[in-house]
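User: I would like to learn how to read pockets, cores and loops in a protein model. Please give the general idea each time, then the case at hand.

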Amino acid sequence: MGGNEQSYVDEAFKTNWIAPLGPNVNLFEEAIQNYIKDGVHVAALSAGTAAIHLGLEILGVSHGDEVLCQSLTFSASANPIKYLGAEPIFVDSERETWNMSPELLEKAIVDRIAKGKKPKAIVAVHLYGMPYKIKEVTEVANKYDIPIIEDSAEALGSTYNGVKCGSFGEIGILSFNGNKIITTSGGGALVTKNEEFKKKAVFLATQARDDAPHYQHSHVGYNYRMSNVLAGIGRGQMEVLDERVEARRSNFEFYKASLQHLEEIEFLNEPKGFFSNRWLSCILTPSYEMKERIRYALLEDDVESRPLWKPMHMQPIFETSPNYSDGTSEDLFERGLCLPSGSNLTNQDLERIVALILKELTK
Ligand SMILES: *Cc1c(COP(=O)(O)O)cnc(C)c1O
């Protein structure tokens, strides 16, 4: 926590606003709007996954539709497609940002249309905080008139040509889960320039009650709104977001400065105009065996590291979903490792981690 979270939570208690909705929710939404700028409206929700679910529904995705989705991501990017009875169509990554390949995206769209169904939406992800190739991906999406859900769960604080991530898709989503760059313990948000979309999200997230004195429902609703208590934590976290981005970026810079001379270790650099919050610091090694050697060497000293996200098209639950792959995400999964990346790592922690890797690779 940063410092002021407790006082905003206390406000909720003092005023007895222990409910979804309340002053903290509005003020948290305002804080995010002011941070992202670019005329966005924000709806604070119970999770990033809930935001993707509502986003897809607002874009009209329903039973039997197809939705294009980045394969190299966390399963929460794809699960909501299934909630709606739609089919995910997975698209592989390119090597410059590790995110959705614009070429494979176009190939997938053309092929799906030829097979008789035009995809309803695209879920593109800023993995580990690195923006996807926004210009190229958006051009393909516009060419075929397919809206984008911009999964910014890992990229709050990242920018592309100076503009904050979350504001590029028809709908953007954020996560405040415990592992993200800032947290409300659990939570998320839907971000959009379309005020009607925000209204629709809040309506659906609060059980879709029609305007009537009694409980009247003409839509299926959800219980997805953020609570006023957790929004208090969020207000405090927004005050330290830039510090957290600084801390994550300096972890990355430390690893890079200490390890880049090794031919076994490669880092993902920011292309021109890209600014990553470096949510996680990741390395690429020459082989699966080398990655595992490093992972075990760290583990032996009680340091946890993890392989990159396992691509969705390799997951048992999505086995039967079509995918457009050129092997990139499989290769990244085999050879990539996420190093410890918390905002609270000390220099001593970082030095210890680097020393373990150096010892393993020079023995
Ligand atoms: C964390 C995450 C989500 C889901 O967010 P929750 O708030 O945990 O539901 C979605 N997409 C990606 C890429 C994530 O990392």
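User: How much space lies in the second largest pocket?

Analyst: Rolling a probe the size of a water molecule over the atoms shows where empty space is left. This is a predicted model, and its second largest pocket holds about 230 Å³ of space.

User: Which residues line the second largest pocket, and which of them lie nearest its centre?

Analyst: The lining has 19 residues, and those nearest the centre are Thr-49, Phe-74, Ala-76, Ser-175 and Lys-180. Helix 3 (48–58) and strand 8 (171–175) are the elements that give two or more residues to this lining. Helix 3 supplies the largest share, three residues. By class, the lining of the second largest pocket has nine polar, seven nonpolar and three charged residues.

User: What does the largest pocket look like by volume and by lining?

Analyst: About 440 Å³ of space lies in the largest pocket. Its lining is made of 17 residues, with Asn-179, Trp-279, Leu-280, Arg-306 and Cys-338 nearest the centre. Strand 13 (306–307) and strand 15 (336–339) each give at least two residues to that lining. The classes are nine nonpolar, four polar and four charged residues.

User: How many cavities of 30 Å³ or more does a search of the whole structure find?

Analyst: The search finds one. The space in the largest cavity is about 60 Å³. Lining the largest cavity are Leu-127, Tyr-128, Met-130, Phe-252, Leu-268, Ser-276, Arg-278, Leu-280 and Cys-282. Seven of these lining residues are nonpolar, one is polar and one is charged. Leu-280 is in this lining, and Leu-280 is also among the residues nearest the centre of the largest pocket.

User: Which domains supply the lining of the largest cavity?

Analyst: Domain 1 (5–238) and domain 2 (241–361) each supply at least three residues. The C-alpha centres of the two domains are 25 Å apart. Their contact takes 47 residues from domain 1 and 41 residues from domain 2.

User: How should I read the largest nonpolar core, and which of its residues touch the most other members?

Analyst: In soluble globular proteins, nonpolar side chains tend to be buried together. Here the largest nonpolar core has 54 residues, and Trp-98, Leu-105, Ile-122, Leu-156 and Phe-176 touch the most other members. Helix 2 (residues 23–36) contributes the most to this core, five residues. Because domain 1 (5–238) and domain 2 (241–361) both give residues to the core, it lies between them. Apart from this core lies another, of 33 residues, including Ala-51, Val-67, Cys-69 and Ile-173.

User: What does Phe-176 touch, leaving out residues up to four places away in sequence?

Analyst: The contacts of Phe-176 include Phe-28, Ile-32, Leu-156, Ile-182 and Met-226. Also touched by Phe-176 are Thr-183, Thr-184, Ser-185, Gly-186, Gly-187, Gly-188 and Ala-189.

User: Where is Trp-98 found, and is Trp-98 buried or exposed?

Analyst: Trp-98 is in the loop between strand 3 (87–91) and helix 5 (102–114). The cut-off for buried is under 20% relative accessible area; Trp-98 has 4%, so it counts as buried. The phi of Trp-98 is near 70 degrees, a positive value in a residue other than glycine.

User: What is the phi of Ala-208, and where does Ala-208 lie?

Analyst: Ala-208 is not a glycine, yet its phi is positive, about 50 degrees. Ala-208 lies in the loop between helix 7 (195–205) and helix 8 (228–259). Its relative accessibility is 0%, so Ala-208 counts as buried.

User: How far apart are Ser-77 and Thr-49 in sequence and in space?

Analyst: They are 28 residues apart in sequence, and 7.1 Å apart in space from C-alpha to C-alpha. Ser-77 sits in the loop between strand 2 (66–70) and helix 4 (79–83). With 1% relative accessibility, Ser-77 counts as buried. Not counting residues up to four places away in sequence, Ser-77 touches Ile-52, Cys-69, Val-123, Val-125 and Asp-151.

User: Which residues of helix 10 are buried, and what covers them?

Analyst: An α-helix has 3.6 residues a turn, so residues three or four places apart point the same way. In helix 10 (residues 328–335), the buried residues are Thr-328, Ser-329, Leu-332, Phe-333 and Arg-335. Their cover includes strand 12 (281–284), helix 9 (288–299), strand 13 and strand 15.

Terms used:
Residues are numbered from 1 along each chain as its sequence is written. This is a predicted model: local features need pLDDT of at least 70, side-chain atom pairs count only at pLDDT 80 or more; totals for chains, interfaces and linings use all residues. Side-chain values use heavy atoms; hydrogens and water are left out. A nonpolar core is a set of buried Ala, Val, Leu, Ile, Met, Phe, Trp, Tyr and Cys residues joined through side-chain atoms within 4.5 Å. Buried means under 20% relative accessible area, exposed over 50%, partly exposed in between (1.4 Å probe, protein chains only). Helices (H or I, at least four residues) and strands (E, at least two) are DSSP runs, numbered from the N terminus. Domain bounds come from an automatic or database domain assignment. Contact means heavy atoms within 4.5 Å. On a 1 Å grid over the protein atoms alone, a cavity is a set of points where a 1.4 Å probe fits but cannot get out, and a pocket is an open set with protein on both sides within 12 Å along at least five of seven lines; lining residues have an atom within 4 Å of a point. Grid points are joined across faces, edges and corners, and a volume is the space filled by probe spheres set on the points. Ala, Val, Leu, Ile, Met, Phe, Trp, Tyr, Cys and Pro count as nonpolar, Asp, Glu, Lys and Arg as charged, and the others, Gly among them, as polar.
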